[in-house]
Amino acid sequence: MHLRRLSLLATFLLLIPVLPATAQSTALVGGTVHPVSGPEIKDGVVLLQDDTIAAVGPREEVSIPSDARRIDASGQVVTPGLMDASTATGLVEVSAVGSTRDNALDTDDAIRAAFRVTDGINPHSVVIPVTRLGGVTTVASTPSGGAVAGQGAVIDLHGETVDEMLVRDRAALYAAFTPGAAEATGEARGGLAMRLREAFEDAQFYAEHQDDYQRGATRDLSLSRLDLEALASTLDGERPLVVRAARASDIDAALRIAEEFDLDLRIEGGEEAWKRADRLAAANVPVIVKALNNLPTDFDRLGTRFDNAARLDSAGVPVAISSFDTHNARTLRLEAGNAVRYGLARDAALRAVTLAPAEALGVADTHGSLAPGKTANVVVWSDDPFEPLTSVEHVFIGGTEMPDDSRQKRLLRRYDERGDWPPAYDDGS
Amino acid sequence: MHVRSHFACLLAVVLLTGCAGTDSTTTSSSDTGAEYDAATIENMREGTYNDAFESSYDPPPATPTLIRDATIMTAAGKTIENGDLLMREREIDTLGTDLSAPEDVQVVDGSGMYVTPGLIDSHSHLGVSATPQVGPHYDNNEVGMATPELWMEHGVWPQGPGFARALAGGTTTALLLPGSGDLIEGRGFTAKLLPARTPQAMKFPDAPGTLKMACGENPKGGPGFPTTRMGTAAGLRSTFLDAQDYHEQWQSWLNDPTGEPPERDLGMETLAQVLRGEMLVQVHCYRADDMATVMEIAQEFDIDIRSFHHAVEAYKIRDLLAERDISASMWSNWWGFKMEAFDGIPQNVALVHEAGARAIVHSDDDLEIQRLHHEAAKALRAGREAGLDISRNEALRWVTAHPAWALGLQDRVGTLEPGKNADVVLWTGDPFSMYTKAHRVWMDGALVYDRTDPDRQPRSDFELGGPLQN
């Protein structure tokens, strides 16, 4: 995160004694703190300084600077900001309006590895404030379509520019082993597997024959230079490969291909992953699941069930939970709650919407838990975050408290009372 | 309706000749032209077309049951702590505390648990665009600008895997609707969510007829459809003008059945019934201005609208809805998926409620129909955050009593009151908690779902032998 780097640089350049006078500190005092990376702390304090977390601990062990803003969180619950591992936030404004969608390339090419969503992310999307006021502070904005969809980005939901929001650009490469992806490669899974293998083989060849390639002295390759670059850097370990797959045999295929090319695999969707829990655990492959789903919506997911997350977790598979939504990514906490309802331990469920997605997408050094030095993404809840009657009280992103404002709040305030003048004269603030 | 058919025949005997005491005897209605049997003619007179495709619902065996020591949320204004509920003769018999158990009554310990009426969904497509959602399962929309001749029940696949799941979520009744790809999509189907072999066996007995209409984005823009909202409004008005003509032609012939009778038209029959006030009109509408237009058109033709569906902007015109006694069937928080849903706010339900209009939380979704109680809780929380003082019992009515009213079943289901159908859910805890599940579900007094008994967990033919079982 550029902002954080800048402030760390500032910390380094300025003399330490100068800092307290200029630093912005906030202390969240007295709540039940769930650091995720450690045990629950009753009557705890989370101290935010500038854009990072300075301290987390029991009230008596954390010294709060005298000039810190103190927020009483007693009777409330403090967690890391939630992270949704699969959204199109900032990429889709109105789902059914094509001109507002930037999450998928409209092309017949099945392999779109070079496609990066980042430059299409709109920091002023009205979806962003709505999402963060639901306690989701970080999302992966992901591409979709084809057999290889492109590269996603992890962003914090606050900032004037994409650069300010970026946590990790090109965080993962997205592929699919689904009927939809098979359709893009000749209507059969065998064709899909063939195209994926061909793409990675060509990328390997490209990486090994860079000079020949530049001189035009190689055999024909199936992809453009940019696609080859993106696949080669993924093969090189720069980012994980996220494969969207539901059917148990499709997960098998993803595991097989990942093993052949030594790829760092994650499974997304994974509706029948519970049938492969032991195998996924042995391979230590994280699975990103939707918890509020138990329907056989297609023939590749007839085994969809509510307790998928619980079964995977008990087998030792790293589980992240996603809303797989954009406009209602704010329901992520209820997804986690539903996983608890069907057997997942509460701490595992909280982990599944914080640290687990951060680990799966390579941002756990700065995100996903309340620990000193991490980015100050923190949410204060009125009570158990997984309960529908619980409210979000405060949201901090990078140490800044998010205003209680969104387009939806403006509409609410505009229409909450009827006056003598048309609503158009009320700006909703 | 049985009684009514019989009466129909008697009337026909008086008016015409040749009715031999059954509905099916063919009667020549004039010397030339069309012939209609007595029952048909009576249907034209009485608007009793719902007698066609009659319900064959036959509830499973019921045992008189007494639930004891539960928190009973009646959805009728009160909560009974440590309450008892006796179901007998397929009805709610008695509510109270410390009831004595009559002989032969099965006693269920409800301590720590909650009881509510069976939940009701005013908008579902279960079995209509059933899972798996493959092309051949798509039976939502027919092509045509207005298709009032369609009957939803002819497109319902009773093996849809969603039915059993909805029941396991405590939902016992749903209005299955066609559409919303054209102006008038046809008759809805009020279903008991008890999986059966035929749609008729799921048909809620003697439920009033419903008509599904639509406005806004969906019914415009397709080939052969109006291109603009002006076009959809004009199309709606023209269709109802035709219906008025049809209705008047039949009325005058029925008053003086001497000449050649008018030709029957299935679509116009449906709309004639609407004009007679015998159908509950359900209108898919998102935007406030679209709802206002439809309300004006309804007034023009003297039609009552029972519920606006989706109604994402109902909060903007909640006073108008309250004035006209029109309910709004809404989601707790859907928005943004299309242009006319861009102004959705999570307080929509609560604001409509506060204005005195009937607020309904509907699903239109095969997942949300499994958790209407949680959706109501979400809407309740949003309302409370906006400072609206709404009780849990009132919020429960959003998924029970109010949708029952939208379906015209308010005297039979939707609250726990003596004499109502014994559609009852026993929950593992507070239904507004995320962790709560339906523990047992009774329909007409029969235990049709039990969380702990695999023999009381229905499963569709489609899922036999599938990955959930092997």
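pLDDT is the predictor's confidence in each residue, from 0 to 100. We need that term, as this is a predicted model: local features need pLDDT of at least 70, side-chain atom pairs count only at pLDDT 80 or more, and totals for chains, interfaces and linings use all residues. On labels, residues are numbered from 1 along each chain as its sequence is written, while chains are lettered from A and ligands numbered from 1 in the order in which they are written.

Chain A, then. Its mean pLDDT is 94, and 95% of its residues reach 70 or more. Where does pLDDT stay under 50 in chain A? Over residues 1-22. For that stretch the model has 20 contacts beyond four places in sequence. A contact means two C-beta atoms, placed from the backbone, within 7 Å.

Among the elements of chain A, helix α2 (residues 19-22) has the lowest mean pLDDT, 42. Strand β5 (residues 77-80) of chain A has the highest, 99.

Next, a hairpin in chain A. Strands β2 (residues 41-49) and β3 (residues 52-58) of chain A pair in the antiparallel sense over six bridges. Pairing requires that DSSP finds at least two bridges between the strands. A:Val45 has A:Gly57 in β3(A) as its bridge partner. Two residues lie between β2(A) and β3(A). In the turn, A:Asp50 has a positive phi of about 50°.

Now one residue: A:Leu82. It sits in strand β6 (residues 82-87) of chain A. Is A:Leu82 buried or exposed? Buried, because 31 other C-beta atoms lie within 10 Å. The cut-offs: 20 or more other C-beta atoms within 10 Å is buried, 12 or fewer is exposed, and in between is partly exposed, with C-beta atoms placed from the backbone. A:Leu82 and A:Val353 are 271 residues apart in sequence, yet 5.6 Å apart in space, C-alpha to C-alpha. Leaving out residues up to four places away in sequence, A:Leu82 touches several others, including A:Val353, A:Gly135, A:Leu332 and A:Val379.

On to the interface. 36 residues of chain A are in contact with 39 residues of chain B. Helix α12 (332-341) of chain A gives the most to chain A's side, with five residues. That side divides into 17 nonpolar, eleven polar and eight charged residues. Here Ala, Val, Leu, Ile, Met, Phe, Trp, Tyr, Cys and Pro count as nonpolar, Asp, Glu, Lys and Arg as charged, and the others, Gly among them, as polar.

Chain B. Its domain assignment gives domain 1 (2-46) and domain 2 (119-414). Such bounds come from an automatic or database domain assignment. The C-alpha centres of the two domains of chain B lie 33 Å apart.

There is an open sheet in chain B. Three strands run in the order β6-β7-β9, with mixed pairing. β6 (119-124) and β9 (189-192) of chain B stand at the edges with a single partner strand each, so one side of each is left without a neighbour in the sheet. β7 (residues 171-176) of chain B pairs with β9(B) in the antiparallel sense over four bridges. There, B:Ala174 is bridged to B:Ala191.

Last, helix α5 (residues 266-275) of chain B. Seven of its ten residues are buried. Among them are B:Met268, B:Leu271 and B:Val274. Their cover includes β8 (184-187), β10 (209-214), α4 (229-255) and β11 (279-285) of chain B. After α5(B) comes B:Gly277, with a positive phi near 80°.
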